[in-house]
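Q: Could you walk me through this one while I have it open? I'd like to go strand by strand and then look at the open space.

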Amino acid sequence: KQSKNKVYILLNKPKDYITTVADEAGRRTVMDLLEGVTQRVYPVGRLDRNTTGLLILTNDGEFSNCLTHPRYEVEKVYLVGLDKPLTNEHAKQALEEGVQLEDGVSQFDSITFVPHTQNKQVHVTLHSGRNRVLRRMFESLGYDVLKLDRVSLAGLTKQGLRLGMWRHLTRDEVEELKQNGLK
């Protein structure tokens, strides 16, 4: 049962915000966007400074662990903007064999080309939560990632949530996420 003091927030993170509670260098953090939130919450996982998109913040440690632990295989979907068209060969490699990185092989669960973008934009689905894994995968294939936007996280989307805005997760959303993660 969801207790009164547990807080679950979905944020659409803009670029140039650090995913941390406080920054020694005085840079803007995602906490600066949570106007009106009085409870202490923490980001679940990370999005690097130049990555935009969905981020969950909560004060529920067990819930946070379910979203970040590899065993729960939380699905993330990103819109990736590249400096040049992605070849079918590279897309196929990243899907089937994976890409060798210094911390092991990573692969996409699915990849789809965004229509009318000359194959410079793709939607990528993956379950890996490794640090900067998408940027590193594309870089090792010879591409620069110009834009990275997490458009879906554990089935939640940005629908109705403009950049820099946040909302509380509904009780149903929280329950569904807990049921999916705590099998």
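Q: Which residue in E9 does Thr52 stand opposite?
A: Thr52 stands opposite Asp149 in E9, a strand being a DSSP run of E with at least two residues, numbered from the N terminus. Please keep in mind that this is a predicted model, in which local features need pLDDT of at least 70 and side-chain atom pairs count only at pLDDT 80 or more, while totals for chains, interfaces and linings use all residues. Residues are numbered from 1 along each chain as its sequence is written, and side-chain values use heavy atoms, with hydrogens and water left out.

Q: OK, and in which sense do E3 and E9 pair?
A: Strand E3, residues 51–58, pairs with E9 in the parallel sense over 3 bridges, where pairing requires that DSSP finds at least two bridges between the strands.

Q: What about E9 and E10, how many bridges there?
A: E9 and strand E10 (residues 156–157) are paired in the antiparallel sense over 2 bridges, and Leu153 has Leu156 as its bridge partner in E10. The hairpin they form has 2 residues between the strands, and Ala154 takes a positive phi near 55° there.

Q: Is E4 mostly covered or mostly open?
A: E4 is mostly covered, with 7 of its 7 residues buried, meaning under 20% relative accessible area with a 1.4 Å probe and protein chains only. Lys76, Tyr78, Val80 and Leu82 point one way from E4, whereas Val77, Leu79 and Gly81 point the other way. In a regular strand, side chains alternate between the two faces of the sheet. As for E9, 7 of its 9 residues are buried.

Q: And the largest pocket, what volume does it have?
A: Its volume is about 640 Å³, the space filled by probe spheres set on grid points joined across faces, edges and corners. A pocket here is an open set of points on a 1 Å grid over the protein atoms alone, where a 1.4 Å probe fits, with protein on both sides within 12 Å along at least five of seven lines, and lining residues have an atom within 4 Å of a point.

Q: Which residues are closest to its centre?
A: Of the 31 residues that line the largest pocket, Arg46, Tyr78, Gly129, Arg130 and Arg150 are the closest to its centre.

Technical notes:
Buried < 20%, exposed > 50% of the residue type's maximum accessible area, 1.4 Å probe, protein only. Helix = DSSP H or I, 4+ residues; strand = E, 2+ residues; numbered from the N terminus.
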